[in-house]
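Please look at the sequence and the model before reading on.

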Amino acid sequence: MKENIFKQKHLLSIEDLSAEEIDLILEIAESFVEVSTRNIKKFPALKGKTVVNLFFENSTRTRSSFEIAAKRLSADLINFSASISSLKKGESLRDTVLTLEAMNPHIIVIRHSASGSPNYLTTFARSSIVNAGDGFHEHPTQALLDALTIKQKFNTLRGLKISIIGDILHSRVARSNIILHHKMGNEISLIGPPSLVPKEFEQMGAKVYYNLKEGVKNSDIVMMLRVQEERGSGNYFPSIREYRKLFEINQETFSLAKKSAILMHPGPLNRDVEIETSLADSDKSVILQQVTNGIAIRMAVLYLLKGERNEIIN
Amino acid sequence: MKLLIKNGRLIDPATGTDNTYDILIDNKKIKEISSLIKKNPSIKTIDAAGFVVSPGFIDMHVHLREPGFENKETIETGSKAAAHGGFTSIACMANTSPVNDNRTVTEYIIARSKEVGIVNIFPIAAISMNLEGKNITQMDDLVEGGAVGFSDDGRCVMSADLIRKSLEYTKMLDVPIIEHPEEHSISGDGQVNEGFISYKYGLRGILNAAEEVIVARDIILQERIKSKLHLAHISTFGSIDLIRNAKKKKIKVTADATPHHLLLNEELITTYNTVYKVKPPLRTEQDRLALIKGLQDGTIDSIISDHAPHTRDEKDKEFEFAPFGVIGLETSFSVIYDRLVRSKIINLKRLIELFSTNPAKILNLKTRGMVKPGLPADLTILNLNKRFEIDENNFLSKANNSPFIGWKGQGVIEYTIVNGKVVYKRS
């Protein structure tokens, strides 16, 4: 069976995946997209399995996306939200997870502000761990849903040029996308101020630009990142006004990309900061399609991971 | 109490000795060193044939955690760990609770170390009150109470004016200022070495420059002041360059490095294993090789463990939330001997300089770091042929946060003798 090429017990990062595994996830997700247009959207694939959403950071879209995905696969779902401050003062992450594991879940979906936390969980947890975003490290399901959206648009994931614009330094979405598109052999340009786009990212197979117009030229995909003021980006550039002046994507700068180019954004948007609002709402934008695809991707990931846990239980 | 050590190869760089000798110890002191001292059934004798006898090792930079953090380590467990690692003297840093910024704490540490009675403990007192970097401590009083140097280790003295004043003030006391070089506004919340790896793995970085700007600042101040400046746990090639040039210009500066910075690099953090989280961070291979060069050419004067015990629970965390630090007292000699002496990167005499002769000089411990009649009998006896495998179950420290667990090699401590008393014997 084709699913045999998926070798992972966990989904921690795009880095861990082979190009074949990425293709497989997308292929399965595509079939879930197809059935999600039907009236009855539920499958029994994860019936009797328990998925825990363990979120230590505020998140609406990713958490609800995993929740819907798990429910459409007939899994039981527990939402566990906690603040990082309670982790620092009170129960440790290990104790929290061991407590949850005592209830025998099959998959734990974790979002955490500290990079590497999902990797840490795998050193003692028995469940399959899915990384729903760890610090500045990776956000693999985001890159996969982006890839699915790109594939739907261009009928391929190869031979494309993607420009990623904004706070690369603090972006897990950027890292997962860079790694994914490098694996697919695509051309990657990273655009932003030098303080947020260290030259060392070129060692990941990308090219760094400090000039928006130069960087987006001939792109197939223009991916904007949220300016994350809450991450302390404030010291990295003088003002939103100056940032907008240099790096906002608008009708004019977007026109330098290919005619067929699409505009992406992982959300939530800062309208008229990194992205001109009329462009965000234009037919170039695939932002809402990304959200829809998120469910299919997460269904595919949960679906592929569930088998591993079975072996352990039996 | 007499003790006779027969037929050991005595290597003492301070006296230029490298030969087989018998050493007689009487009443805590070296009584006689000669090629033949007759055995006497009434004198306890150690047969040191095939072993190397070294002046007792000195680790001039450890954290004993007492008073205040006895869950991590105590003066007693730290002393046992020191003896296990061949150290006859250790100097402990001031970041206890309360901070060692007053004579009462200094005297407590010394009194407690005498009660424990395993190794010599020399307190390093704080440069500034409560390590706050604002007002200097009562340095004369602290030295009178037994402090052998000053350091705000764990924090860098960020005020250039304060480091200037403390260097000036200690000129009349003849003790070193030990700087933890880290420009905190650059290092910030950094977790690991800043560079490709920190970017890729999404961890906040600490630039080499965080260390180097302080190394440069202190050297510039010291050029004029001519006090005693010692730079701790050097980790970057840029610092090595700065210190090497300062020494060429005859500026009075000394420096040390740790076994983990000498033997490990940043690539280990890619699994987010918190045992590799240290400050300064493990750097690149290029930095590591520059440190080795510094060991060879005399830029680095001593090897310290920066023994930093933490409980298992404290280290068992998300990378970002775990504390910095590794333990090292019980592994320093073996890993350095195996990886640097056996592979002929440095010779054994140089190792002894780094572990004993030089730290004694830097801390101005006039009667230590040397084997001579009349001096306290602090000796470390080495078995260079014995294989080892580092096993955390053998640690006498309370902590197990060692990056060297599982390492195999050759060269172990056979005996540790402090003031004529055997405080450790390999079993």
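## A strand covered on both faces

Strand 8 of chain B is covered on both of its faces, with B:N120, B:F122 and B:I124 buried on one side and B:I121, B:P123 and B:A125 buried on the other; a residue is buried if 20 or more other C-beta atoms lie within 10 Å of its own, exposed if 12 or fewer, and partly exposed in between, with C-beta atoms placed from the backbone. Because six of the six residues of this strand (residues 120-125) are buried, strand 8 of chain B is largely enclosed by the rest of the structure. Strands (E, at least two residues) and helices (H or I, at least four) are DSSP runs, numbered from the N terminus.

This is a predicted model, in which local features need pLDDT of at least 70 and side-chain atom pairs count only at pLDDT 80 or more, whereas totals for chains, interfaces and linings use all residues. Residues are numbered from 1 along each chain as its sequence is written, while chains are lettered from A and ligands numbered from 1 in the order in which they are written.

## The neighbours of strand 8

Strand 7 (residues 87-92) of chain B runs parallel to strand 8 of chain B and is joined to it by four bridges, two strands being paired if DSSP finds at least two bridges between them. Within strand 8 of chain B, B:P123 stands opposite B:C92.

Strand 8 of chain B also pairs with strand 9 (residues 149-150) of chain B, in the parallel sense and over two bridges, and here B:I124 stands opposite B:G149.

## Chain B as a whole

Chain B has 13 helices and 18 strands. Along its principal axes, the C-alpha trace of chain B spans about 65 × 45 × 45 Å, and 58% of the 427 residues of chain B count as buried.

## Where chain A meets chain B

In the contact between the chains, 21 residues of chain A are in contact with 16 residues of chain B, where contact requires that the C-beta atoms of two residues, placed from the backbone, lie within 7 Å. Helix 4 (93-101), helix 5 (117-121) and helix 7 (172-183) of chain A each supply at least two residues of the side of chain A that touches chain B, and the largest share of that side, three residues, comes from helix 5 of chain A.

## A helix in chain A

In helix 1 (residues 19-35) of chain A, the buried residues include A:I25, A:L26 and A:F32.

Key. The expected span of a helix is 1.5 Å times one less than its number of residues.
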